[in-house]
Amino acid sequence: MFSATRHACLFLNDTRNGWYLGQEAAIDAAIDAAIGAVRPARILHYGASMGGYAALVTGLRRGDGAIHAFGPELELGRPGSQSALYGLPHPGTPAEALVLAPALDGLRRPLSHAVHLYFGHLDPVDSAGVARVLAQGLGGRLFDLASCHASHDHLYTLNVIRKITRTFDRDPESELAARGLIRPLPRAFHEGFAAAGETLAAGEQLTVAQVDTLATLAPGHVGLLRLRAEAAARAGDLALAVDLMQAAESAIELDPALHGLPKRWRKDLPLARAGWMLALGRADAALGLLADCRETFGPDERIDTLRMAVEAGRG
C-alpha cells in the first residue's frame, strides 16, 4: 500500500485491538527512536479506523506533524461502533475515559499542523463523527464522503490513496472531488442517521417511519436505505426489508463512485436480503442471489451457510 511513497514509514499496530489505550509511552518511544534514526524533514500521523483514532490522538498530543485520520471514532464504545464490536469499554474502564477528550480538546485549540478528517457517511458511526465535528465547531479539515467506514480501502481501490501518500504534496480535496466522493450532507441528517444507527445497534425498535423522516434530507442515500431495510426486518416486515435492500444495491450499481466500495461491505447487503428471502419461503430466488454473490465476491462462509440452509429446508 505504501510501496510507492517517498517517505520513511513506521508502522504501529495494537494487536490486542484495544484502540491503543494506555500505549502513549510506547508509541512516543517508537516515534522518537524513528525520528532519531531517520531525521525526517516533516512528520505525518496516518491511520484508518482504530489506527485513525491513534493517529488523531497521537498527532494532536505531540503536535509535531500533519494528521490524516480515516474514520476515527470520536467516542469509543458507542453502539454499532467498531470499538464496541471489539469489546470496548473493557470491564473496569471508566466510561469517561473512553471519550476522546485529548482529540476533542486538541481540535478545539488552534492547530499547529494540518488535520485531515475523512468520514464515510454511508455508515452511522462515521456520520456520528461528522455530526460531532459540525456541532462543536471543531478544527481540522473535514471530508464528508460518499463512502463507508472502511473509506481508506475504498479510496485505495479508486487509486486516491496512492496519489496522496506518494508525496503527501497533493491536495486530497482535488483527488476526492475528481472521483465524485465529496458529498456533504446536512448536519441534521448526520445527527439523525447516527442516532438511528445506534438505536438499531443497541437492539431497540426503530420504525421505518422514524427513519423515513431522514430521507428528505438525503434522497436515495444508500446507507439510509440499508438502515431502513434492517429496521423493517427488525419490525418483522421482511418483504419491505427485501425491497429496500435491493434498492440500496441498485443505487450502488448506478453510482460510479460507489463501485469501489470494499467487497466485505457490499456483500453484507445481498447476504442479508438472501436471508430474508429464505425466511419468506423464496428459496429459488435466494439460491439465485447467493450464486450471484459467490460469483461477484468470491467464496464466503456465510454464503455457504445460507445455501445449506436453503437445501436443508427443501430436504
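Which residues have the most contacts inside the largest nonpolar core? Here are a few friendly notes to read alongside this predicted model.

1. Start with that core. The residues with the most contacts inside it are Val222, Ile252, Leu258, Leu261, Trp265 and Trp276, and the core has 34 residues.

2. Next, see where the core comes from. At least two of its residues are supplied by each of these helices: H11 (222-234), H12 (238-254), H14 (268-279), H15 (283-297) and H16 (301-314). H12 gives the largest share, with seven residues.

3. If you set aside its neighbours within four places in sequence, Leu261 is in contact with Leu122, Ser147, Cys148, His154, Ile252 and Arg266.

4. Now turn to a pair of helices. Two packed helices are described by the angle between their axes and the distance between the axes. For H11 and H14, the angle is about 25 degrees and the axes are 12 Å apart. Angles under 35 degrees count as roughly parallel, so H11 is roughly parallel to H14. Their crossing is left-handed.

5. Finally, look at who touches whom. H11 brings Arg226, Ala229, Glu230 and Ala233 to the contact, while H14 brings Asp268, Leu269 and Trp276. Sorted by type, the residues of this contact are four nonpolar, three charged and no polar.

Technical notes:
Residues are numbered from 1 along each chain as its sequence is written. This is a predicted model: local features need pLDDT of at least 70, side-chain atom pairs count only at pLDDT 80 or more; totals for chains, interfaces and linings use all residues. Side-chain values use heavy atoms; hydrogens and water are left out. A nonpolar core is a set of buried Ala, Val, Leu, Ile, Met, Phe, Trp, Tyr and Cys residues joined through side-chain atoms within 4.5 Å. Buried means under 20% relative accessible area, exposed over 50%, partly exposed in between (1.4 Å probe, protein chains only). Helices (H or I, at least four residues) and strands (E, at least two) are DSSP runs, numbered from the N terminus. Contact means heavy atoms within 4.5 Å. Axes are lines fitted to C-alpha atoms, for helices over the stretch in contact, and angles run from 0 to 180 degrees between N-to-C directions. Angles under 35 degrees count as roughly parallel, over 145 as roughly antiparallel, 65 to 115 as roughly perpendicular and the rest as oblique. A crossing is left-handed if the near helix is turned anticlockwise from the far one by less than a right angle, and right-handed if clockwise. Ala, Val, Leu, Ile, Met, Phe, Trp, Tyr, Cys and Pro count as nonpolar, Asp, Glu, Lys and Arg as charged, and the others, Gly among them, as polar.
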